[in-house]
Amino acid sequence: MSYLKAMIFLLVLVSCAGAEAAVSFYEIPAQPEASAPSAHLERYIDGARTLGLEEVADAPFEPIHDFISRRYSGDVVWYRFGLHENVGGIERVLEFGSPYLNNIDVYLVKEGQHPADARHYRFGDHVPISERPTKTRGYKLPLDLERGERVTVYLRAESNSAMTLYALLWNSDDYEQHNAQVALVHGVYFGLLGVLCLVFLPLSLLFRRGEFMAFSTLAMALLLLNLGTYYKLGSPHLEMH
């Protein structure tokens with residue numbers, strides 16, 4: 001009898017050790033206003049760069065309080081957090097980046113769903129625009145969650161640059177308004193640089209002043225550099241292979 005009890009006790013210990021840790025869920029408010037689910041964030045580092053979602057789902061994730069930069073580690077970093085829709089009927093947008101990360105894989109696992117059946121989306125500056133779910137500069141994923149629905153989000157990130165990742169949850173209307181404001185700021189910035197080029201280049205030729213030519217050259221270099229970066233990081237007109 002004592003032997004049987006000991007065996008049952010060992011089985012319970014093994015099953016508990018192998019059980020997946022409970023995912024912490026972020027309770028989505030009606031107006032998230034670019035909220036970050038940082039308090040519910042977990043991380044797992046795959047130094048071997050070989051694990052898929054099914055293996056990682058059972059891995060020992062560590063709780064963290066923010067997306068911590070790994071810098072130039074070369075590791076594959078997995079992040080996990082849960083979302084719980086309390087309202088429903090509101091289109092949400094999950095925005096994440098940074099845009100220069102090479103590959104970002106996003107997996108959405110509904111409550112009770114096996115990881116093998118998760119929805120999978122690809123982003124990153126090594127992923128062509130045509131293969132992304134949204135044809136925009138930034139990385140966004142529309143979420144259509146029903147009231148009471150729970151979903152676990154897995155982010156797999158790898159890059160040969162600094163591993164700086166973030167995630168923000170928006171209402172769709174707020175996100176579009178924010179994007180319009182960002183586009184306006186970019187337009188004003190590029191426009192001012194263009195005006196400086198057009199003004200100081202003729203002045204340098206007219207008055208033969210070296211400082212005017214230097215300033216015009218600097219403004220043109222900044223304009224071309226920033227425009228190149230702007231388009232490289234996700235323009236629908238330039239495919240990144």
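Residues are classed as buried under 20% relative accessible area, as exposed over 50%, and as partly exposed in between (1.4 Å probe, protein chains only). The structure is a predicted model, in which local features need pLDDT of at least 70 and side-chain atom pairs count only at pLDDT 80 or more, whereas totals for chains, interfaces and linings use all residues. Residues are numbered from 1 along each chain as its sequence is written, and side-chain values use heavy atoms, with hydrogens and water left out.

Secondary-structure elements are DSSP runs numbered from the N terminus, namely helices (H or I, at least four residues) and strands (E, at least two); two strands are taken to pair if DSSP finds at least two bridges between them. An open sheet is formed by three strands in the order S8-S5-S10, with antiparallel pairing. Its edges are strand S8 (139-143) and strand S10 (166-171), each of which pairs on one side only. From one strand to the next, the twist averages 25°, where axes are lines fitted to C-alpha atoms (for helices over the stretch in contact) and angles run from 0 to 180 degrees between N-to-C directions. Six bridges join strand S5 (residues 92-97) to S10 in the antiparallel sense, and Arg92 has Asn171 of S10 as its bridge partner. Helix H3 (residues 172-207) packs on the sheet and touches S5, S8 and S10, its direction making about 115° with that of S10; contact here means heavy atoms within 4.5 Å.

Ser172 is placed in helix H3 and is buried, with a relative accessible area of 15%. When neighbours within four places in sequence are left aside, Ser172 is in contact with Glu91 and Val93. The C-alpha atoms of Ser172 and Pro142 are separated by 7.9 Å, although these residues are 30 apart along the chain.

The structure holds 10 salt bridges, each defined as a side-chain nitrogen of Lys or Arg within 4 Å of a carboxyl oxygen of Asp or Glu. One of them joins the side chains of Arg92 and Glu85 at 2.9 Å, N to O. Arg92 is buried at a relative accessible area of 0%, and Glu85 is likewise buried at 0%. A further salt bridge links the side chains of Asp105 and Arg156 (3.7 Å, N to O). Because Asp105 lies in strand S6 (residues 103-110) and Arg156 in strand S9 (residues 150-158), this pair ties together parts that are 51 residues apart in sequence. Both Asp105 and Arg156 are buried.

Lys140 and Glu176 also form a salt bridge, their closest N and O atoms being 3.2 Å apart. Lys140 belongs to strand S8 and Glu176 to helix H3, so the pair ties together parts that are 36 residues apart in sequence. Lys140 is buried, with a relative accessible area of 13%, whereas Glu176 is partly exposed at 39%. Salt bridges with shared partners join Arg49, Asp105, Arg156 and Glu158 into one network.

Leu201, Leu205, Met213, Met220 and Leu224 make a nonpolar surface patch of about 450 Å². Patches comprise residues with over 30% relative accessible area and no salt bridge, like charges being joined within 9 Å and nonpolar side chains (Val, Leu, Ile, Met, Phe, Trp, Tyr) within 5 Å; accessible areas come from the Shrake-Rupley method with a 1.4 Å probe, and for residues only the protein chains shown count as cover. H3 and helix H4 (210-232) each supply at least two residues of the nonpolar patch, and H4 gives the most, with three residues. Leu224 lies in helix H4 and counts as exposed at 57% relative accessibility.
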